[in-house]
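Welcome! Please take a moment to look over the sequence and the fold below, and then we can walk through them together.

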Amino acid sequence: MYAHDESGAQWAQLPPPDQVEAASTAFRMLADPARMRMLWLLSGDESDVASLAAAVGIARPAVSQHLAKLRLAGLVSMRRDGRYVLYRARGGHVRRLLAEAMNAADHHLHGIPDHD
């Protein structure tokens with residue numbers, strides 16, 4: 001089942017419950033504006049907590065908590081580089097999901113017609 005399948009057949013059956021739960025969790029994580037901003041930045045390049053805190057304008061402990069939730073939801077990955085922990089959006093699916101959400105918001109805010 002793929003979102004770019006335009007046949008309509010993909011919408012005829014419900015996805016498995018565990019897949020629906022994982023997707024719902026991802027959307028819940030994206031419901032917070034700070035997390036969306038962080039994920040947006042992490043879609044372009046990896047970053048550490050201090051850099052994200054400065055860019056988003058929130059305290060480091062709050063950034064760490066948000067990142068932990070985003071990691072648990074499978075939206076970001078991390079790697080260690082010496083003393084630093086670097087975070088990044090987890091793959092093209094996450095980047096496209098975020099981009100589509102922002103595009104839908106732009107269409108809504110500016111009255112741009114829907115399209116497929």
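The largest nonpolar core has 22 residues, and M38, L39, L42, V63, L67, L75 and Y87 touch the most other members. A nonpolar core here is a set of buried Ala, Val, Leu, Ile, Met, Phe, Trp, Tyr and Cys residues joined through side-chain atoms within 4.5 Å; buried means under 20% relative accessible area, exposed over 50%, and partly exposed in between, with a 1.4 Å probe and protein chains only. At least two residues of this core come from each of α1, α2, α3, α4, β2 and α5. In soluble globular proteins, nonpolar side chains tend to be buried together.

A word on what you are viewing: this is a predicted model, in which local features need pLDDT of at least 70 and side-chain atom pairs count only at pLDDT 80 or more, while totals for chains, interfaces and linings use all residues. Residues are numbered from 1 along each chain as its sequence is written, and side-chain values use heavy atoms, with hydrogens and water left out. Helices (H or I, at least four residues) and strands (E, at least two) are DSSP runs, numbered from the N terminus.

Let's follow helix α2, residues 33-44. Its 12 residues reach 17 Å from first C-alpha to last, close to the 16 Å expected at 1.5 Å a residue (that is, 1.5 Å times one less than the number of residues). At the start of α2, a side-chain oxygen of D32 comes to within 2.9 Å of the backbone nitrogen of A34. A34 is itself buried, as are R35, M36, M38, L39, L42 and S43. The cover over these buried residues of α2 includes α1, α3, α4, β1, β2 and α5.

Next, find the two strands. β1 and β2 run antiparallel and are joined by 6 bridges; strands pair if DSSP finds at least two bridges between them. They form a hairpin with 2 residues between them, and G82 in the turn has a positive phi of about 65 degrees. D81 stands opposite Y84 in β2.

Is V49 buried or exposed? V49 counts as buried because its relative accessibility is 16%. Leaving out residues up to four places away in sequence, V49 touches R60, V63, S64, L67, V85 and Y87, where contact means heavy atoms within 4.5 Å. P61 is exposed, with a relative accessible area of 56%.

Terms used:
Polar contact = N/O pair within 3.5 Å; in protein donor to acceptor, adjacent residues only side chain to side chain.
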